[in-house]
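Welcome! Here is a short briefing on how some parts of a protein model meet. Take a look at the structure first, and then we will go through it together.

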Amino acid sequence: MNTYMTRLIKSSSSCFVYFFIVSMTYEKELAAAKKAVSLAVRLSQEVQKSLLQSDVRSKTDKSPVTAADYGSQAVISHVLKRELHPEPLYLVAEENAEDLKKDGAEEFLESITKLVNNALAFDDSYANSSLSMEDVRKAIDHGRSQGGSSGRHWILDPVDGTRGFVKGEEYAVALALLVEGKVVLGVMACPKLENHKSASSGKVGRLFFATEGEGANVQSLEGDSHPPEKVQVSNIENPEEATFVESSHKPIPIHSSIAKKLGIKAPPLRIHSQVKYAALARGDAEIYLRFTLKGYRENIWNHAAGAIITTEAGGVVCDADGNPLDFSKGKHLEHKTGIVVSTEKLMPRLLKAIRESMEEERLSL
């Protein structure tokens with residue numbers, strides 16, 4: 001917040017004026033984030049259309065990575081830096097350019113650079129500013145911030161759900177803004193989002209966005225000609241009627257135990273990436289459970305954008321003890337166990353079922 005805005009807040013006794021000023025604080029950042037994500041998702045869609053298995057590479061941790069991961073990160077880094085100039089850009093992101101500096105990577109980097117320039121050309125203000133391979137590599141490597149509890153840090157997952165992406169399934173491009181350790185803004189593109197409560201809707205690309213205290217919104221990925229609409233979590237009160245979602249990997253036994261205690265009979269929806277948060281935010285589902293193997297550390301870019309969008313839609317995001325997620329500790333979440341997302345109406349009974357299931361699991365060991 002600049003000095004003028006701070007003085008105005010201090011000098012005004014009007015709550016309305018204070019609220020108006022605070023709500024205006026992130027307008028520039030939100031506009032930049034929406035532009036960056038919208039351009040990046042164009043790149044990822046183009047890659048997904050023609051992706052071959054031979055185009056999928058492995059990082060040092062054996063997880064898959066594609067030209068879309070690198071290209072999306074380059075686009076978002078470049079757009080944020082230019083749109084928010086002269087503010088410094090601190091970006092916490094999943095990818096880095098180390099593998100693109102190795103022998104034999106030049107052809108791959110060249111293809112990424114072409115994708116980046118093609119995507120940027122969709123915006124008239126970028127149409128005449130072609131990036132070189134070195135520009136693209138530097139843009140990717142801008143994502144080396146460590147985050148933390150002070151300053152401003154953008155948090156990016158350029159293609160969240162790469163395993164689904166390479167299969168032609170759903171994925172997300174997710175961007176959030178962390179200010180003094182708190183997520184205050186999130187933008188998430190879901191190009192293949194299904195409406196699981198409507199048999200006729202098919203898969204339609206959606207752009208979700210939220211700013212702290214302003215609610216959550218969604219609009220078509222087709223652009224500003226489709227005005228945004230407010231989204232709200234489900235109002236279902238009976239947990240037996242709830243739909244729960246989990247990751248598209250192998251089933252987690254404790255999830256089934258929790259669902260059984262709540263009386264949920266329907267099988268879970270298995271969805272890749274932060275698209276699960278989008279499903280809850282617009283009322284397609286009521287519960288998202290994420291219990292992982294002991295020792296696994298959650299990356300903040302896998303949850304930041306989705307968490308604020310769901311929270312602003314009226315949902316609750318916490319760990320298995322009911323504590324809010326803490327994004328201020330660096331690149332990883334510091335939480336005891338489990339990530340739990342639901343509605344305010346269902347959360348008390350959900351946490352009770354979780355406690356009981358965790359105790360039963362402990363006693364069975």
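A search of the whole structure turns up three aromatic pairs, where rings of Phe, Tyr and Trp (its six-membered ring) pair if their centres lie within 6.5 Å. This is a predicted model, in which local features need pLDDT of at least 70, side-chain atom pairs count only at pLDDT 80 or more, and totals for chains, interfaces and linings use all residues. Residues are numbered from 1 along each chain as its sequence is written, and side-chain values use heavy atoms, leaving out hydrogens and water.

**Aromatic pairs**

- The ring centres of Tyr70 and Phe108 are 6.0 Å apart and the planes stand at 80°, so this pair is edge-to-face (planes over 60 degrees apart; under 30 is stacked and the rest are tilted).
- Tyr70 sits in helix 4 (residues 67-83) and Phe108 in helix 5 (residues 106-120), so the pair ties together parts 38 residues apart in sequence. Helices here are DSSP runs of H or I with at least four residues, numbered from the N terminus.
- Tyr70 and Phe108 are both buried (under 20% relative accessible area, with a 1.4 Å probe and protein chains only).
- Phe165 and Tyr171 also form an edge-to-face pair, with 4.8 Å centre to centre and 85° between the planes.
- Both Phe165 and Tyr171 are buried.

**Two helices that cross**

- The axes (lines fitted to C-alpha atoms over the stretch in contact, with angles from 0 to 180 degrees between N-to-C directions) of helix 8 (residues 253-262) and helix 11 (residues 347-364) come within 9 Å and cross at roughly 130°.
- Residues making the contact (heavy atoms within 4.5 Å) include Ile254 and Leu262 of helix 8 and Leu350 and Met358 of helix 11.

Conventions: Helix = DSSP H or I, 4+ residues; strand = E, 2+ residues; numbered from the N terminus. Buried < 20%, exposed > 50% of the residue type's maximum accessible area, 1.4 Å probe, protein only.
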